Amino acid sequence: MPVPWEALIPFGLLSVCFVGAGTLLNTARMAQNDWKPARYGIDRWDEMMMERDRRLTGSKRGQSTDPIAPKDFSTNSVWATERVQ
């Protein structure tokens, strides 16, 4: 007759595998977002603000507190002025 606590070893191994995989996935997602939690429900406005932040700071999650934009910001527009041939 098997002892009930014999099932604890496989249960522990499976638990460690799931917890390890979840922790690594969460760490990878946060590393891609400048160590901030992932964003959910992003609409068009949020995409435009993320693009603006990327052009201002170089990171889509970075934000600038300077009241005046750098001089490079006036010429690095996302709008194309000419068609590239």
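Helices (H or I, at least four residues) and strands (E, at least two) are DSSP runs, numbered from the N terminus. On that basis, the protein chain has two helices and zero strands, and Leu8 lies in helix α1, residues 8–32. The structure is a predicted model, in which local features need pLDDT of at least 70, side-chain atom pairs count only at pLDDT 80 or more, and totals for chains, interfaces and linings use all residues. Residues are numbered from 1 along each chain as its sequence is written, and side-chain values use heavy atoms, with hydrogens and water left out.

**Chain overview**

- Of the 85 residues of the protein chain, 8% count as buried, where buried means under 20% relative accessible area, exposed over 50%, and partly exposed in between (1.4 Å probe, protein chains only).
- The accessible surface of the chain comes to about 7,900 Å², with 62% of this area belonging to carbon and sulfur atoms; accessible areas come from the Shrake-Rupley method with a 1.4 Å probe, and for residues only the protein chains shown count as cover.
- Among contacts (heavy atoms within 4.5 Å) between residues at least 6 apart in sequence, 24% join residues at least 24 apart.

- The 25 residues of α1 should span 36 Å at 1.5 Å a residue, and the end C-alpha atoms are 36 Å apart, in agreement; the expected span is 1.5 Å times one less than the number of residues.
- An unreviewed UniProt entry lists residues 7–26 as "transmembrane region"; UniProt positions are given in the numbering used here, feature names are shortened, and annotations may be inferred rather than shown by experiment.
- In the model, residues 7–26 are 95% helix and 0% strand, and the end C-alpha atoms of this span lie 29 Å apart.
- Val3, Trp5, Leu8 and Phe11 form a nonpolar surface patch with about 470 Å² of accessible area together.
- Patches are made of residues with over 30% relative accessible area and no salt bridge, like charges being joined within 9 Å and nonpolar side chains (Val, Leu, Ile, Met, Phe, Trp, Tyr) within 5 Å.
- Leu8, a member of this patch, is exposed, with a relative accessible area of 56%.

**Salt bridges**

- A search of the whole structure finds three salt bridges, each defined as a side-chain nitrogen of Lys or Arg within 4 Å of a carboxyl oxygen of Asp or Glu.
- Arg44 pairs with Glu47, the closest N and O atoms being 3.4 Å apart; both residues lie in helix α2 (residues 44–57), three residues apart, about one turn of the helix.
- Arg44 is exposed at 56% relative accessibility, whereas Glu47 is partly exposed at 40%.
- Glu51 and Arg54 meet in a salt bridge at 2.5 Å, N to O, and are separated by about one helical turn because they are three residues apart in α2.
- Glu51 is partly exposed at 27% relative accessibility, and Arg54 is partly exposed at 39%.
- Arg52 and Asp53 form a salt bridge at 3.0 Å, N to O; Arg52 is partly exposed at 35% relative accessibility, whereas Asp53 is buried at 6%.

**Surroundings of Met50**

- Met50 is placed in helix α2 and counts as buried at 13% relative accessibility.
- Leaving aside neighbours within four places in sequence, Met50 is in contact with Arg39, Ile42 and Lys60.
- Met50 and Lys60 are ten residues apart along the chain, with their C-alpha atoms separated by 5.0 Å.
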